[in-house]
Amino acid sequence: MSGWRHPELGDVDRRKPVWFTFDGQPLSGFAGDTLASALLAGGPRILGRSFKYHRPRGLWGLGGEEPNAILDVTFDGKTTPNVRATTEKLRNGMVLQSVNAAPDAARDRFGLLDLAHRFLPAGFYYKTFMALGWMRWEPLIREMAGLGKLDATHHPPADTPVMNAACDLLVIGAGPAGLAAAAAAARNGRQVWLVDEARAVGGSLRWRGGEIDGAPWTDFAATTCNAVKAAGGRILTDTVLWGAFDHGSYAAWQRREDQTNVHWRIRAQNVVLAAGAIERPLWFANNDLPGIMSCEAALHHLVLYGAVAGRRIVIGCAGDAPYAVAAALAKAGCQVTLVDARKDTPPAPDGMRIIRGAKITRAHGHREVGAVTVDGTHLDCDTVLVSGGFTPSVHLHCQAGGKLDLDKASDSLIPRAGTSPIRTVGAANGAFGLAAALEQGHAAGSGAAPAPRAVDRGWALDPIRPDPGIKGRVWIDPQNDVTLKDVRIAAQEGYQSVEHLKRYTTLGMATDQGRNANFAGLAAMAVLTDRTIAETGTTTYRPPFTPVPLSVIGGMRRGEAFSPPKRLALEPQHRTCGAKFREYGGWLRPAYYGEDEATAQQDEARTARQAAGLYDASPLGKIEVIGPGAAELLDFCGYVRMSTLKPGRARYGFMLSEAGIVHDDGVVLRLAEDRFIVSASSSHVGSVRLILEEARQDRFDPSRVFLHDVTAHWATLTVSGPLARAILADAGFSVPDIPHMSVAETRWKDIPFRIARVSFTGDASWELSVPARYGGELHAVLDAAGTAHGARWIGLEALMLLRAEKGYVLIGKDTDGVTMPHDLGWGGPRASRQDEYFGRRSLFTPEANRNDRRQLVGLQSTNVPLPTGAHILAPGDTRRSLGFVTSSYYSPTLDRAIALAMINGGRSLVGQDVTVFNLGETYLARVTDACAYDPKGERLHG
Amino acid sequence: MVERDWTTRTPEPGATLEAEGITIRCHRQDAATLVSGDLAAAIKELAPSAQMLGLLELLPGAPFALRIARDRALLCTRDPLASEGWYNGFAASAADDLYLEFVVTGQRAPEVVASCMSEQPGSRSAATLFAGYGALVARLPNGVSVRIQAPEAAAAWAHLANVIKVL
């Protein structure tokens, strides 16, 4: 431990100590600390281990770019993995655990891997782990690599609300440039949203300080915030703007004190990106040792938290920015030596030594830095602060499609104007001085008055690059253990594109997403391949800018809210009758009534055949097709012609896909010459309506036919069975004497009442529909009348059994993605219709004409139901599947097992025996017609 | 297969959710008709005094029409309209029970609205996604009216109950 707490500096509350542990070691900080500042001030240096070599790692940065101080944090009994110490507030009782280390960061036994580093360069795993098979190695590698551990008991609550917002101007970053933009825009009356990931506005002003318009910067910040609020805007701190999406849509993650997170979706007319810049490291041998930090981060921790990085500090740089850092550290009592690669430098701040025209070539130390070599000279130290320049945070500009150009003055890639809808200003645009940042921000906010003024001379710098000639191990990406040598290997092996470099070496693929490494990596590749940086290019920037908890994005849509089914209007009534529910086709429907499913299914099916079954058919689609063009539309969209249907009649048909595959089946009811109801399957209502709608708009005159999905308006109860007619009579319904496959509209107690004689069971059935608000009354009347006749409510499980007895298909269960209507025995329209209809042409392809297509048949076997999905084999054949069982039940009516199957050339096999195979078991079955019960359909007519 | 225990329920008309500054009440529509086609002709024929409303426009008393698409609207009336089917230039279908109405009121009602839908100023269609569900949204003097299709009302109601706990 070389860091220490300054007695006075920092905005922490020294009256409120906060106790925590790190890797079991009790430590303390103060209220207002982050995990990083508390560890820097009083904790061990080694905070983690690198991903591959398990080298010791210490604190590097100040914000979301932190690559090393990644910790598992246990608080209030719950553990959150992979928390960045720099962005997490310290709380009393926190238990911090290093990651990727066993047993802990200080004593990690896998640190021995570093001794074998010569055999473990980038990409080594592509050439190894082949002997004995990959799965021998995979569990071991998984144990050794990776970051934090998941706490299986920690289920983050699904409590993050989404908040939608819109604004005139979204300013991302509340540093000097962002504040200037917000101030100018707010004074112009624009509604500004100012967003910053820090806990307070100010950006780098918070630790660098400065005067604006001759007064402390805090005055300017306060005035700006007031102006923003007065103009109807909003200021969000502790909020990361992490994603830029299409059409001016942006996503932000807000953390709130003692409240839930918030997931913001902000739609902005205009956007100013003032996200600042991230300091680059320097590249010398062993530049990854604990105790080597970003210069800017050291100042940040000193000023905001009073956490001093060390006592004997060497600062390596090639620019002006670290001079203020050096001065502050010297004033705080540190012994500081500045090593500036430039020969022509500003004067050395008071109280420190400066070495000009020199570079750090090597850091020394085993577990933390203890010395450096500066151009051959040995310097003892306990801390090294480095500044290799700054990389503008341009991610959001690039996410929005923007391009970058290399700016020689700032030696950085900055946004190319006009290539994204975002205007970038300040350090994010390569303007590193305070005056330039204020000026750019002010201009972006369309400030008419003069820009706020600051006195600074700007930051001069000389470009510094990784030197391929340097001896020793030089880290480019500390988080993923990518060295300069790895970049050379990638270039040698032909992976010279930055996209290949990234994937081959994993450079930039860690949680810091390359913020500390990408520029160096592409600069090194440029040198190695004799290209410019512009020619080498950059990788693609994608959201999120910083890791965002999935619980924030997922929000409240978990558990029941994840994919809730639709609900029946009569659900309470069914529950009162003892229904057990299950999801069918996106609806929650009664599966059976009673306690035991198997028993209930059999009893319900038996009762339905012997007396009557009552069931809720409300989810079946009711798409009204209305207008003089209705019949023409249905003829085109359907496989079975409906224009010849007379009003008052119903017809069963199919809807095909363009490929001729059966998409849905159902009954079409004709209420009038210009009015039909398409009764789509409950799961297909939406898609059927879309197919109809597309044809309506694209092929026909849309003013002559319209579609209304009124499924939810109606409650439909079906009475089916030999006693159905009697039940209806006793219930007091005046039921018109209509034949099977008919429909009538009438009234019941002056309530609109529709009766359709259609059957899904094969027994005489009446579907009764009333507006849903009267469904309860209908249910009560039928319940009473049905019970009196020994009928019972039946669930979907019994219903599926009943229809299977009749060979009625369920689309998606007895059909699949290749089933055509003639496979189901419905070849008539294919043969007879000459007019054009949707999917017609696909019905005559060579594939469609094959004789051995899978066809719907029945199977009769022993009294044990065949497993659904079991394969059909020819007798004596053990390898080639001829098809499979699609539906299988024990029929209480027939007192035997029944099944439906799709078998190659099935209809030609009727009467023959086949073998049925499933998971090592075989059964014998005979192929039959699909209909096992009442093949003549006599029961339909009651 | 284990049945999932769906604890949410479709709210009954009159059911209420409350939190500080927020009240959400479930209502059943009086009567409604889906009309498509020549909407002006439809209104003239079926409810001549009805005003056509877009997103978040102020609801007058019935009758009024909530525009859904260029050629579709939900005509809301006090009593059911007797006629369905094809007229000259437009189609009509009974839709009294197609939607349930959630009325959100209170000084924090705007936060509920912000949580459930994005701003689409000036949209001529009252149809939008509200809490992820298709809805027709209009403004009231002290809040908003949200019509959600009845089968999805349980899920939307449960979502609102969770939202008002954390806002």
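Reader: How exposed is Glu632(A), and how should I read its relative accessible area?

Author: In general, a residue counts as buried under 20% relative accessible area and as exposed over 50%, with partly exposed in between. In this predicted model, Glu632(A) has a relative accessible area of 45%, and therefore counts as partly exposed.

Reader: Which residue forms a salt bridge with Glu632(A), and where do the two lie in the chain?

Author: A salt bridge requires a side-chain nitrogen of Lys or Arg within 4 Å of a carboxyl oxygen of Asp or Glu. The partner of Glu632(A) is Arg704(A), with the closest N and O atoms 3.9 Å apart. This pair links distant parts of the chain, since Glu632(A) sits in helix H17 (residues 630-637) of chain A and Arg704(A) in the loop between H18 and S41 of chain A, 72 residues apart. Arg704(A), at a relative accessible area of 33%, is partly exposed.

Reader: What is the size of the interface between chain A and chain B, in terms of buried area?

Author: The size of an interface is often given as the accessible area lost when the parts come together. Here chain A and chain B bury about 4,000 Å² between them, with 54% of that area on carbon and sulfur atoms. Glu560(A), Arg567(A) and Arg773(A) supply 18% of the area that chain A buries against chain B, more than any other three residues. The contact draws 45 residues from chain A and 50 residues from chain B.

Reader: How many salt bridges and polar contacts are there between chain A and chain B?

Author: There are four salt bridges between chain A and chain B, and 22 residue pairs are in polar contact, both residues being at pLDDT 80 or more. On the side of chain A that touches chain B, the residues divide into 18 nonpolar, eight polar and 19 charged. Arg773(A), already named for its share of the buried area, forms a salt bridge with Asp97(B), the closest N and O atoms being 2.6 Å apart.

Key
Residues are numbered from 1 along each chain as its sequence is written. Chains are lettered from A and ligands numbered from 1 in the order in which they are written. This is a predicted model: local features need pLDDT of at least 70, side-chain atom pairs count only at pLDDT 80 or more; totals for chains, interfaces and linings use all residues. Side-chain values use heavy atoms; hydrogens and water are left out. Contact means heavy atoms within 4.5 Å. Buried area is the accessible area (1.4 Å probe) that two parts lose on being put together, summed over both. A polar contact is a pair of N or O atoms within 3.5 Å; within protein, one must be able to donate a hydrogen and the other to accept it, and residues adjacent in sequence count only if both atoms are side-chain atoms. Ala, Val, Leu, Ile, Met, Phe, Trp, Tyr, Cys and Pro count as nonpolar, Asp, Glu, Lys and Arg as charged, and the others, Gly among them, as polar. Helices (H or I, at least four residues) and strands (E, at least two) are DSSP runs, numbered from the N terminus. Buried means under 20% relative accessible area, exposed over 50%, partly exposed in between (1.4 Å probe, protein chains only).
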